[in-house]
Amino acid sequence: MVNAGDMNGSGNLMDFLDEPFPDVGTYEDFHTIDWLREKSRDTDRHRKITSKSKESIWEFIKSLLDAWSGWVVMLLIGLLAGTLAGVIDLAVDWMTDLKEGVCLSAFWYSHEQCCWTSNETTFDDRDKCPLWQKWSELLVSQSEGASAYILNYFLYVMWALCFAFLAVSLVRVFAPYACGSGIPEIKTILSGFIIRGYLGKWTLLIKTVTLVLVVSSGLSLGKEGPLVHVACCCGNFFSSLFSKYSKNEGKRSEVLSAAAAAGVSVAFGAPIGGVLFSLEEVSYYFPLKTLWRSFFAALVAAFTLRSINPFGNSRLVLFYVEYHTPWYMAELFPFILLGVFGGLWGTLFIRCNIAWCRRRKTTRLGKYPVLEVIVITAITAIIAYPNPYTRRSTSELISELFNDCGALESSQLCDYINDPNMTRPVDDIPDRPAGPGVYTAMWQLALALVFKIVITIFTFGMKIPSGLFIPSMAVGAMAGRMVGIGVEQLAYHHHDWIIFRNWCRPGADCVTPGLYAMVGAAACLGGVTRMTVSLVVIMFELTGGLEYIVPLMAAAVTSKWVADAFGKEGIYEAHIHLNGYPFLDVKDEFTHRTLATDVMRPRRGEAPLSVLTQDSMTVEDVETLIKETDYNGFPVVVSKDSERLIGFAQRRELILAIKNARQRQDGVVSNSIVYFTEDPPELPPNSPHPLKLRRILNLSPFTVTDHTPMETVVDIFRKLGLRQCLVTRSGRLLGIITKKDVLRHMAQMANQDPESIMFN
């Protein structure tokens with residue numbers, strides 16, 4: 001080591017920070033990342049690899065591997081997300097049917113698979129085969145009668161309670177972050193907020209298992225939102241295997257954006273819709289490179305799911321439909337009405353659900369999550385069983401509502417009175433008068449609609465995985481099917497009216513009720529989530545109805561306009577605000593005429609800003625400042641008198657630097673001078689070794705003047721993803737504005753509680 005006398009001389013002092021040490025550049029839990037810093041670190045890393053690649057063949061190969069690592073991660077995410085989605089689909093199919101009966105030839109077969117393998121099944125009774133037995137047939141050898149019905153009812157409720165209890169217990173004990181849909185948190189993480197463990201291995205495992213259990217229990221929730229969370233967990237796991245992503249939170253966010261696209265791709269069998277969903281709804285920073293990688297990940301995920309073929313129909317989704325009738329201009333009016341209904345339902349749902357979730361957070365109700373899940377499951381199962389439209393899984397219900405009534409359909413919704421003289425081809429059946437089955441189905445659908453609307457409000461947000469896409473689509477599909485049947489019967493009985501006369505002649509196939517169900521589903525999903533472009537693309541990929549883009553667009557835009565008239569927030573943004581996450585929404589507008597000086601701290605009457613000086617504080621002074629405050633970083637100034645700004649030092653890196661210096665550098669003691677300049681300060685003889693911390697100093701912190709309008713400051717925070725910004729006047733430090741300060745100020749200006757921003 002150099003002795004103290006030599007230190008004031010030529011400046012040949014070892015700077016132990018010339019080599020990076022562990023954990024520098026990482027962030028603590030519930031902190032916001034610095035996007036500019038992450039970007040510049042990645043640029044430095046890339047520059048280093050490029051210059052080294054010219055030195056040898058081995059370094060050149062390493063640079064190629066680094067360039068390809070992004071595509072390898074996308075390939076792995078797509079393969080794992082597609083496989084998990086296929087396994088979840090197969091398991092849900094089997095466990096949903098297990099509530100009603102069991103296959104005697106192989107208990108792991110679902111009802112449909114069991115009857116496929118049976119040789120004794122006839123076409124008319126294709127849902128009844130000797131190999132599949134209801135619980136009443138198996139236990140008391142009765143398939144009809146009151147006792148058989150009561151036994152089947154009882155076992156249906158018991159299985160539902162068993163599945164739900166197991167799911168909520170697993171979530172509570174092993175992975176509390178596995179609850180909910182996951183999309184609000186993923187939006188927050190992609191905006192640069194750290195939630196450690198949210199995308200961990202335990203969360204991935206427990207969410208996958210419990211997702212099967214809760215969907216099978218018959219609760220009013222879907223698996224589509226949670227599949228985005230599952231895919232992002234896969235993305236987080238694979239990115240941790242490559243130092244390029246594991247050591248840079250900004251690069252990791254790019255991987256997670258692509259993983260979200262793969263999640264929607266397997267949830268709906270909609271790869272392009274998945275990419276657009278990630279771009280429109282989830283991602284905060286979406287460069288062109290991420291667009292290509294998202295596309296590749298979504299493609300691989302969809303290909304993997306198609307290889308597994310979970311639905312046995314060679315399609316990626318359960319409800320693929322083909323309609324044979326074009327739509328007519330006069331039908332735009334009912335389509336727009338469905339859009340209005342979707343917007344109103346979205347507004348009602350968001351307000352009621354947020355009120356219930358706030359009540360859960362602020363009252364004793366939140367202390368009993370297991371009891372809440374059990375009670376809601378019991379109510380759902382008891383009310384759902386008597387109605388055939390609520391008893392079956394929601395995906396099957398949507399599939400039936402979307403279906404066109406062909407000659408081979410046995411559904412009640414297709415119980416029309418046929419003309420005995422009809423000699424038309426099978427796929428072009430004319431409009432017919434509704435039979436008794438259709439009227440019964442209408443009543444049952446109306447009751448199912450009211451039940452779904454009410455129960456979904458209480459189900460979404462419980463401590464179990466719960467998606468909102470499928471329940472929203474079910475509400476819209478039921479309303480749409482009823483409107484469609486109404487329009488169809490109106491056109492049949494009043495084909496001489498002026499609105500029908502031009503396009504609906506007697507004996508023609510004019511109106512497709514299934515199309516109205518599809519449009520209604522899109523409208524309700526749009527009303528709740530406020531999606532537009534990605535929603536329309538997902539819907540036509542989902543159903544294969546390419547020529548129905550205009551009705552879908554009309555309904556999606558109308559539902560968004562109507563819902564936006566009552567409030568700009570979609571369900572995910574509302575849950576982000578409820579949980580107090582520091583999310584600066586790109587869609588929010590800030591129009592108030594305030595200045596940076598109104599928002600910065602310290603305010604008048606507050607203690608002065610805690611700062612570090614460039615070469616006059618000891619190690620002990622710095623440690624005391626860190627201990628007595630909880631700030632995430634400190635501005636560095638020339639001196640406390642001049643307060644001319646030099647740079648900014650992060651709290652975590654100061655702690656790590658001092659800890660490492662004490663361990664690795666002899667002579668660093670509590671009264672050693674800490675300096676941030678290039679050369680050490682002039683010190684008296686026999687002084688202890690000074691500690692140079694210039695390497696951890698950010699020499700170009702973002703600054704604004706005190707008269708900068710807050711509109712500009714908010715824009716800077718949004719577009720550059722800043723953590724904090726320093727306020728100066730003529731180079732002299734006045735104060736600091738953090739992301740939390742910006743969010744509090746925006747809440748205050750919108751007459752909301754500024755203290756609702758809970759996290760750092």
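Let me start with a pair of charges. The side chains of R360 and E372 meet in a salt bridge, 2.8 Å from N to O. By salt bridge I mean a side-chain nitrogen of Lys or Arg within 4 Å of a carboxyl oxygen of Asp or Glu. This one links distant parts of the chain: R360 sits in helix α14 (residues 332–362), E372 in helix α15 (residues 369–384), twelve residues apart. Helices are DSSP runs of H or I with at least four residues, strands are runs of E with at least two, and both are numbered from the N terminus. R360 is buried, because its relative accessible area is 7%. E372 is buried as well, at 7%. Buried means under 20% relative accessible area, exposed means over 50%, and partly exposed is in between, with a 1.4 Å probe and protein chains only.

A word on the model. It is predicted, so local features need pLDDT of at least 70 and side-chain atom pairs count only at pLDDT 80 or more, while totals for chains, interfaces and linings use all residues. Residues are numbered from 1 along each chain as its sequence is written, and side-chain values use heavy atoms, with hydrogens and water left out.

Back to the charges. How many salt bridges are there by this rule? The count comes to 26. Here are two within helices. K62 and E59 pair at 3.8 Å, N to O. Both lie in helix α3, three residues apart, about one turn of the helix. K62 is partly exposed at 39%, whereas E59 is buried at 18%. Next, K560 and D564 pair at 3.1 Å, N to O. They share helix α23 (residues 549–566), four residues apart, again about one turn. K560 is partly exposed at 23%, and D564 is buried at 17%. There is also a network: D42, R45, D66, K251 and E254 are linked by salt bridges.

Stay with helix α3 (residues 57–98), where W58 has its place. W58 is exposed, with 55% relative accessible area. Together with I57, F60, I61, L64 and L65, W58 makes a nonpolar surface patch of about 650 Å². Patch residues have over 30% relative accessible area and no salt bridge; like charges are joined within 9 Å, and nonpolar side chains (Val, Leu, Ile, Met, Phe, Trp, Tyr) within 5 Å. The areas come from the Shrake-Rupley method with a 1.4 Å probe, and for residues only the protein chains shown count as cover.

Now the cysteines. A disulfide is a covalent bond between the sulfur atoms of two cysteines. The working rule is a pair of cysteine sulfurs within 2.5 Å. That gives two disulfides. One joins C103 to C114, S to S 2.0 Å. C103 is in strand β1 (residues 101–103) and C114 in helix α4 (residues 111–117), eleven residues apart, so the pair links distant parts of the chain. The torsion about its S-S bond is about 75°, so this disulfide is right-handed. The other joins C115 to C129, S to S 2.2 Å. C115 is in helix α4, and C129 is in the loop between α4 and β2 (132–134), 14 residues apart. Here the torsion is about -75°, so the disulfide of C115 and C129 is left-handed. C115 and C129 are buried. C103 is buried at 3%, and C114 at 0%.

C357 is buried at 4%, and C524 at 0%.

Between β1 and α4 there is a loop that holds S110. S110 is buried, at 1%. It touches D93, W94, D97 and W132, leaving out residues up to four places away in sequence. Contact means heavy atoms within 4.5 Å.

On to the strands. Strands pair if DSSP finds at least two bridges between them. β5 (residues 633–637) and β6 (residues 645–650) run antiparallel, joined by five bridges. P635 has F648 as its bridge partner in β6.

Elsewhere, β10 (residues 703–705) runs parallel to β11, with three bridges. T705 stands opposite T728 in β11. Strand β11 (residues 724–729) is mostly covered, with five of its six residues buried.

Last, F451, in helix α18 (residues 436–459). F451 is buried at 13%. Its contacts beyond four places in sequence are T380, I383, A384 and T390.
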